[in-house]
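I set out to record what I looked up in one protein model. The entries below are kept in the order in which I worked.

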Amino acid sequence: MKILIANPNTSTGVTDRLLASARLVTSPATELLPMTASYGVPYIATRAEAAIGAAAALEMLAERRGTCDAAICAAFGDPALGGARELFDFPVVGMAEAAMLVACTLGRSFAIVSFAKALEPWFAEIVAWHGLSGRCAAIRMLDRPFTDINAVANEMEQLLVELANKTVADHGADVVILAGAPLAGLANKIRDRVPVPLVDGIQAAVTMAEGLVRLNPRKATAGTYRRPGPKASKGLATPLANVIAHRDS
């Protein structure tokens with residue numbers, strides 16, 4: 001099977017981290033197809049940036065329509081996830097949703113830990129959007145500058161370990177999610193330094209995407225994720241305009 005990893009950030013280094021982490025859990029027969037947004041910001045941290053990234057994500061999914069069996073919105077806030085599930089007939093998985101659902105299978109409560117204070121309100125809204133606020137014990141962020149988004153996991157490694165341990169001690173979280181595409185792969189590296197299970201968002205998403213392809217669910221024709229009727233558009237990238245207009249190509 002082929003799984004598209006659509007990174008709505010513009011950092012190719014982040015895409016490389018996502019791909020390397022995903023490969024640690026991918027089945028041998030699965031091919032991962034990485035894409036990086038051609039416009040937007042190096043890493044999404046605010047609601048406005050997420051809106052820009054959502055448009056980029058929909059364009060990437062439309063461009064690869066017909067060439068992948070499933071897709072992943074590879075930013076922790078799941079930009080475009082709802083819209084993608086409306087438009088496309090292949091499974092689309094969000095990193096945040098996958099991480100939280102996996103965390104719920106490992107413990108009664110989870111905490112989200114990440115590297116930038118600006119992410120906190122957006123992440124809280126994403127948890128609520130997925131209906132999981134009652135399972136979220138805490139959202140905790142580092143509050144200090146970093147030099148390189150592609151190296152933030154290495155730069156902040158010890159501080160993130162300390163924050164994860166403090167969050168477990170203070171809030172009783174059964175599981176910790178290391179949130180944000182730039183932290184992909186860190187959970188494997190520090191797993192023995194935190195006393196509860198750690199969840200890596202891209203690994204959770206790839207595992208879930210593989211399972212959904214095997215389950216082969218039908219595309220909804222009723223409910224909130226049924227495909228909207230055809231509509232003309234203006235100024236959109238041609239592949240996305242074709243999807244919205246119900247054109248085959």
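**Entry 1. Basis.** I worked from a predicted model, in which local features need pLDDT of at least 70 and side-chain atom pairs count only at pLDDT 80 or more, while totals for chains, interfaces and linings use all residues. Residues are numbered from 1 along each chain as its sequence is written, and side-chain values use heavy atoms, with hydrogens and water left out.

**Entry 2. Sheet.** I took helices (H or I, at least four residues) and strands (E, at least two) as DSSP runs, numbered from the N terminus. Two strands were taken to pair if DSSP finds at least two bridges between them. I found an open sheet of four strands in the order β2-β1-β3-β4, with parallel pairing. Its edge strands, β2 (31–36) and β4 (92–94), each pair on one side only. From one strand to the next, the twist averages 20°; for such angles, axes are lines fitted to C-alpha atoms, for helices over the stretch in contact, and the angles run from 0 to 180 degrees between N-to-C directions.

I then looked at one pair of strands. Strands β1 (residues 2–7) and β3 (residues 70–73) are joined in the parallel sense by four bridges. I noted that Ala-6 has Cys-73 in β3 as its bridge partner.

**Entry 3. Helices on the sheet.** Helix α9 (residues 201–215) lies across β1, β2, β3 and β4 and runs at about 155° to β3.

**Entry 4. Salt bridges.** I counted a salt bridge where a side-chain nitrogen of Lys or Arg is within 4 Å of a carboxyl oxygen of Asp or Glu. This rule gives six salt bridges. One of them joins Arg-47 and Glu-125, with the closest N and O atoms 2.7 Å apart. Because Arg-47 lies in helix α2 (residues 47–63) and Glu-125 in helix α5 (residues 120–129), the pair ties together parts that are 78 residues apart in sequence. For accessibility, buried means under 20% relative accessible area, exposed over 50%, and partly exposed in between (1.4 Å probe, protein chains only). Arg-47 is partly exposed at 48%, and Glu-125 is partly exposed at 38%.

I also recorded the salt bridge between Glu-97 and Arg-85, at 2.6 Å from N to O. Glu-97 lies in helix α4 and Arg-85 in helix α3 (residues 81–87), so this pair ties together parts 12 residues apart in sequence. Glu-97 is buried at 14%, whereas Arg-85 is partly exposed at 22%.

A further salt bridge links Arg-193 and Glu-157, at 2.7 Å from N to O. Arg-193 lies in the loop between α8 (186–190) and β8 (198–200) and Glu-157 in helix α7 (residues 157–171), so the parts tied together are 36 residues apart in sequence. Arg-193 is partly exposed at 33%, and Glu-157 is buried at 12%. Through shared partners, salt bridges join Glu-157, Lys-189 and Arg-193 into one network.

**Entry 5. Ser-109.** Is Ser-109 buried or exposed? I found Ser-109 buried, at a relative accessible area of 16%. The residue lies in the loop between α4 (95–106) and β5 (110–114). Leaving aside neighbours within four places in sequence, Ser-109 is in contact with Arg-135, Ala-137, Gly-172, Ala-173, Asp-174 and Val-175.

Methods: Contact = heavy atoms within 4.5 Å.
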